[in-house]
Amino acid sequence: MILTLTLNPSVDISYPLEQFHLDTVNRVEKTSKTAGGKGLNVTRVLSEFGENVLASGFLGGALGQFIEEQLMDAQIEQSFFKIKGETRNCIAILHEGQQTEILEQGPTIGKEEAESYKTHLLELFKRANVIAMSGSLPKGLNTSYYADIVKLANEQGLPTILDSSGQSLMDVLLSENKPSVIKPNIDELSQLLQTTVTTDIDSLKEAVTQPIFKGIEWIIVSLGGDGAFAKHHQTFYMEHQTGHINVDKFKELFKQIEVIEV
């Protein structure tokens, strides 16, 4: 089973408008509201591909209940941890070929809630074969919280996939306990290394071989419309067209991708 973690989920609200006018009323005819957050997006795709998946994270209030109900309707198994705070909304205004986003910060997780969730996770780990962690951390959690989860998973012999950015990703990279897979995009990679990384193969190879990534089996860099670049041990791969990732078979991940060096 794949256990997906969304620690700062949201109700994603989409407002499509032909034109978006400031400082006046904008009326929306069609509105969509879905259970969101990067980890729940991963969960939904895995479920659609027939994977055995279990969703977890922090949920609170009426918005948290809405997310639970949406996942139940989609027949996605879940085991969230209930918090005192209210789960957030994230609004996307689609207008004139553009997208304007308004993202709430979300609830503050108390210290007791943060520690209790780790105990909750240890129970879920007994059912899992791999852990996929995605998205930002909510307020109240230390930036090292993902590193703590990776440590717990490693102690149970479970591979971990981390799709995060900023200080929470840096804390994991600086930790003694490494995830199996990280998936920064090229901008996040540049931010981590405090230098400009381009889509040039030599630039990418130099970036992913920096000492900070030592001990990580897979480094997958998403390049947007240019595909993806990856390092697996000492082998580099380049994907020229984006595709789907089978998280159960990392060796087959880039079976349609050109091997550029062994």
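Student: Is His 233 buried, partly exposed or exposed, and how do I tell?

Tutor: Start with the general idea. Buried means under 20% relative accessible area, exposed means over 50%, and partly exposed lies in between. In this predicted model, His 233 has a relative accessible area of 46%, so it is partly exposed.

Student: Where is His 233 found?

Tutor: His 233 sits in the loop between β13 (228–232) and β14 (235–239). Look at its backbone too. Phi of His 233 is near 55°, a positive value in a residue other than glycine.

Student: What is phi of Gln 75 near?

Tutor: Phi of Gln 75 is near 60°, again positive in a residue other than glycine. Gln 75 lies in the loop between α2 (61–73) and β5 (77–78). Its relative accessible area is 74%, so Gln 75 is exposed.

Student: Now a helix. What should the 15 residues of α3 span?

Tutor: Use the rule: 1.5 Å times one less than the number of residues. For α3 (residues 111–125) that gives 21 Å, and the end C-alpha atoms are 21 Å apart, which agrees.

Student: Which residues of α3 are buried?

Tutor: Glu 113, Ala 114, Tyr 117, Lys 118, Leu 121, Leu 124 and Phe 125. Seen down the axis of α3, these buried residues fall within an arc of 145°, so they line one face of the helix.

Student: What do the buried residues of α3 pack against?

Tutor: They pack against β1 (2–6), β4 (53–59), β6 (81–82), β9 (130–134) and α4 (145–155).

Student: Which exposed residues does the face turned away carry?

Tutor: Glu 112 and Thr 119 are the exposed residues on the face of α3 turned away from its buried side.

How values were computed:
Residues numbered from 1 in each chain as written. Predicted model: local features only at pLDDT ≥ 70, side-chain atom pairs only at ≥ 80, totals over all residues. Heavy atoms only, no water. Helix = DSSP H or I, 4+ residues; strand = E, 2+ residues; numbered from the N terminus. Buried < 20%, exposed > 50% of the residue type's maximum accessible area, 1.4 Å probe, protein only. Arc of directions from axis to C-beta. Contact = heavy atoms within 4.5 Å.
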